[in-house]
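Here are some notes to read alongside the model. They are numbered so that each can be checked in turn.

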Amino acid sequence: MDFLVAHFNLLRGLHILAVIAFMAGMLYLPRLFVYHTKATPGSQMDETFKVMERRLLRGIINPASIATAVFGLGLILADAQIRGWDFLLQPWMIAKLVALVGLYGFHGFLSASRKKFERGENVRSEKFWRMVNEIPFVLAIVIVMSVTTKYLNH
Ligand code: HEM
């Protein structure tokens, strides 16, 4: 744990870099679904979207979500050593954790939806995907602001 405390700022930087990759993918994948709904099943466009979606999820979103969580857990361990475990019950951390459950749940939903697109079983409309496209950014606002404004809560 001393090692994590000593490298707290490095961990924070790596956490933020992983978050950037994770969020880039989470914002882009539903956008691909918007355009995918317009492709005729079995067409070349349909197949191209399938490849783009699979690579985005497996190559970027999944690894970045794991890296975000690993560095985030490292920060929790370091924070616990510095301030004690009580910080997990502070309003900013509870707000962040609740929004995180939503974000990781949305990740699972996108992953399941990608498989449906791959099997040609998507039944959701272009409008639906345009609307849900806003969800990750709204959650990111809650997650980031809860951390950056935490000292106002003290
Ligand atoms: C399992 C996932 C996550 C865990 C366990 C986690 C945990 C943490 C912890 C403990 C900190 C340090 C807070 C402090 O300054 O004491 C932190 C910092 C931060 N987190 Fe996360 N986090 C996670 C995911 C995310 C996500 C998805 C985002 C953005 C959408 C995010 C954005 C940030 C930012 C911007 C900071 C730096 C804030 C600052 O330096 O003031 N985190 N995180």
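1. Start with Lys 96, which is found in helix H4, residues 91-119. This is a predicted model, and the values below are computed from it.

2. Is Lys 96 buried or exposed? Its relative accessibility is 13%. Buried means under 20%, so Lys 96 counts as buried.

3. Leaving aside neighbours within four places in sequence, Lys 96 is in contact with His 15, Ile 143, Ser 146 and Val 147.

4. His 15 has its place in helix H2, which covers residues 8-36. At 12% relative accessibility, His 15 also falls under the 20% cut-off and counts as buried. Not counting residues up to four places away in sequence, His 15 touches Thr 68, Phe 71, Gly 72, Leu 75 and Lys 96.

5. Which residues does the UniProt annotation "binding site" cover? The record, an unreviewed entry, gives His 15 and Lys 96. They span 82 residues in sequence, yet their C-alpha atoms are not more than 14.5 Å apart, so they gather at one spot. The lining of the largest pocket includes both His 15 and Lys 96.

6. Helix H3 runs over residues 44-83 and has 40 residues. At 1.5 Å a residue it should span 58 Å, and its end C-alpha atoms are 56 Å apart, which agrees.

7. Where is the kink in H3 centred? The kink is centred on Leu 57 and comes to about 35°. Just after H3, Gly 84 takes a positive phi of about 90°.

8. Now the protein as a whole. Its secondary structure comes to six helices and zero strands. From the N terminus on, the order of elements is therefore α-α-α-α-α-α. Along its principal axes, the C-alpha trace spans about 55 × 30 × 20 Å.

9. Of the 154 residues in the protein, 36% are buried; His 15 and Lys 96 are among them. The accessible surface comes to about 8900 Å², and 69% of that belongs to carbon and sulfur atoms.

10. Contacts can also be sorted by how far apart the partners are in sequence. Among contacts between residues at least 6 apart, 78% join residues at least 24 apart. The contact between His 15 and Lys 96 is one to look at in the model.

Definitions and conventions
Residues are numbered from 1 along each chain as its sequence is written. This is a predicted model: local features need pLDDT of at least 70, side-chain atom pairs count only at pLDDT 80 or more; totals for chains, interfaces and linings use all residues. Side-chain values use heavy atoms; hydrogens and water are left out. UniProt positions are given in the numbering used here, feature names are shortened, and annotations may be inferred rather than shown by experiment. On a 1 Å grid over the protein atoms alone, a cavity is a set of points where a 1.4 Å probe fits but cannot get out, and a pocket is an open set with protein on both sides within 12 Å along at least five of seven lines; lining residues have an atom within 4 Å of a point. Helices (H or I, at least four residues) and strands (E, at least two) are DSSP runs, numbered from the N terminus. Buried means under 20% relative accessible area, exposed over 50%, partly exposed in between (1.4 Å probe, protein chains only). Contact means heavy atoms within 4.5 Å. The expected span of a helix is 1.5 Å times one less than its number of residues. The bend at a residue is the angle between axes fitted to the seven residues ending there and the seven starting there. Accessible areas come from the Shrake-Rupley method with a 1.4 Å probe; for residues, only the protein chains shown count as cover.
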